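Subject: Structure handover

Hello,

Here is the structure you are taking over. My notes on what was found in it follow below.

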Amino acid sequence: MKITDIELIRFRLPTRSHGTKWGYGSDGEQHDGVQTITRIVTDDGVEGFTTGGVHSYFYGPSPDEITRLVKPLLVGQDPLDRELLWQWMKGNRGFSEALIGNIDSALWDLAGRAAGQSVAQLLGKARGKVRAYASTAPNLGSPEVYAQLARDCQDRGYTAFKVHAYIYADPKTLEPMPGKPASPQADVEVCEAVADAVGDSMTLMLDPWGIYSYQESLYVGREIERLGYYFFEHPMDEKAVEPYRRLSSELEIAVCGPELAAGMHYSRAEWLAQQATDIGRIDINFGGITACRRAVDMYESFGMPCEMHVGGFGNAAILGATTQETCEFFERGLLYPLDHPMGDYDRTPVYLNEPCDPMDDEGNVILPSSPGLGYDFNWDYIEGNRLDG
Ligand SMILES: [Mg+2]
């Protein structure tokens, strides 16, 4: 089998997400964003896909990257030589690890479709469902808004709830502002309200998205320890490892990360060697299925859990190929209050016929099981909204 073409399909997708000058998104009026599908075509007729862009956290390549970097390297090659092609991409300085992640995931999708198996099966399947946690959107309002969302999530079946409190926004006005100074006391008030509402029956976590100083992390970490929280995710900027090593040794609560540190599984190995966190973290933007597989296997070898960052089809494949002992949760979200315009998370995105992460009444995500990564695209919508013919 040979790769004959790599196509970038770009299409309009409505979104309420807006960028801010501070580099962190905020919600607002609906507008058209751009969603991408990377499509790898072969002389056998088998194809592979990955998605990226506005709907998700996942990287959507630019047309220039596909033309200038990806096609010259991959066209004419056997798409099943995933390790070789991954090494070639890694060795080419033009490829970001997010671009590698996008292409590598499409190659795994193609291999699964060729074999008639899910990617989880190709990796060595361990399970078909994973315990979900409800992952809130940030900057939702008062502590009571968070407490009510936690109660609603519990009613929906969730057994775990992760707070994103006030991140790059003023706790009172919710207006965008620089990430620092952060709002640790307001964040603790949210955590307290959520713990009061559901703390004796749901597993709780906090993610300040890297905006705390070391001292703020120590303060909030001790407060949520007292409230019985389960893990404390990505509290500080992940460019520096040493503050994490100190924080993890100071706190009882498990520190989870790195989420955004560059370096794929290689940097996770360095963090692990430094004992800089207690629970690892990665997602397919950091080198794709190939790098995530290496990361979770490394963490498993050291008896350390790894929380996959965000949902999506690629991460779902890694979850399907690991046990609960290594990867405990599926991150489901981001979630908004029920009366918010984005409050219906269970609705299937318009460009898909089936959602990635349907959840049962016990709070478990049923993982995709069809060949490849499990995408079922709504091609009528996609073709009707294409930006480039
Ligand atoms: Mg996070």
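D207 is buried in this predicted model: its relative accessibility is 1%, and the cut-off for buried is under 20%. D207 forms a salt bridge with K162, with 3.9 Å between the closest N and O atoms. K162 is buried as well, at a relative accessible area of 0%.

Salt bridges number 26 in the structure. Side chains of opposite charge can pair when their charged atoms come close.

- E7 and R386: their side chains meet in a salt bridge at 3.2 Å, N to O. This pair links distant parts of the chain, 379 residues apart, with E7 in strand β1 (residues 3–18) and R386 in the segment after α12 (379–384). R386 counts as buried, with 16% relative accessibility. Both E7 and R386 also belong to a network of salt bridges, which links them with R39, E47, E383 and D388.
- R293 and D297: the closest N and O atoms of this salt bridge are 2.9 Å apart. The two residues lie in helix α10 (residues 288–301), and because they are four residues apart there, about one helical turn separates them. D297 is partly exposed, its relative accessible area being 32%.

Next, the nonpolar cores. Which residues touch the most other members of the largest one? They are F161, V194 and Y229, in a core of 89 residues. Helix α6 (residues 184–198) gives the most to this core, namely seven residues. Why does the core lie between domain 1 and domain 2? Domain 1 (3–116 + 377–384) and domain 2 (122–366) both give residues to it, so the core lies between the two.

Leaving out residues up to four places away in sequence, V194 touches Y146, A147, A150, F161, V163, G199, L204 and Y229.

Another core lies apart from the largest one. This other core has 21 residues, including L8, I66, L99 and M264.

Regards

Definitions and conventions. Residues are numbered from 1 along each chain as its sequence is written. This is a predicted model: local features need pLDDT of at least 70, side-chain atom pairs count only at pLDDT 80 or more; totals for chains, interfaces and linings use all residues. Side-chain values use heavy atoms; hydrogens and water are left out. A nonpolar core is a set of buried Ala, Val, Leu, Ile, Met, Phe, Trp, Tyr and Cys residues joined through side-chain atoms within 4.5 Å. Buried means under 20% relative accessible area, exposed over 50%, partly exposed in between (1.4 Å probe, protein chains only). Domain bounds come from an automatic or database domain assignment. Contact means heavy atoms within 4.5 Å. A salt bridge is a side-chain nitrogen of Lys or Arg within 4 Å of a carboxyl oxygen of Asp or Glu.
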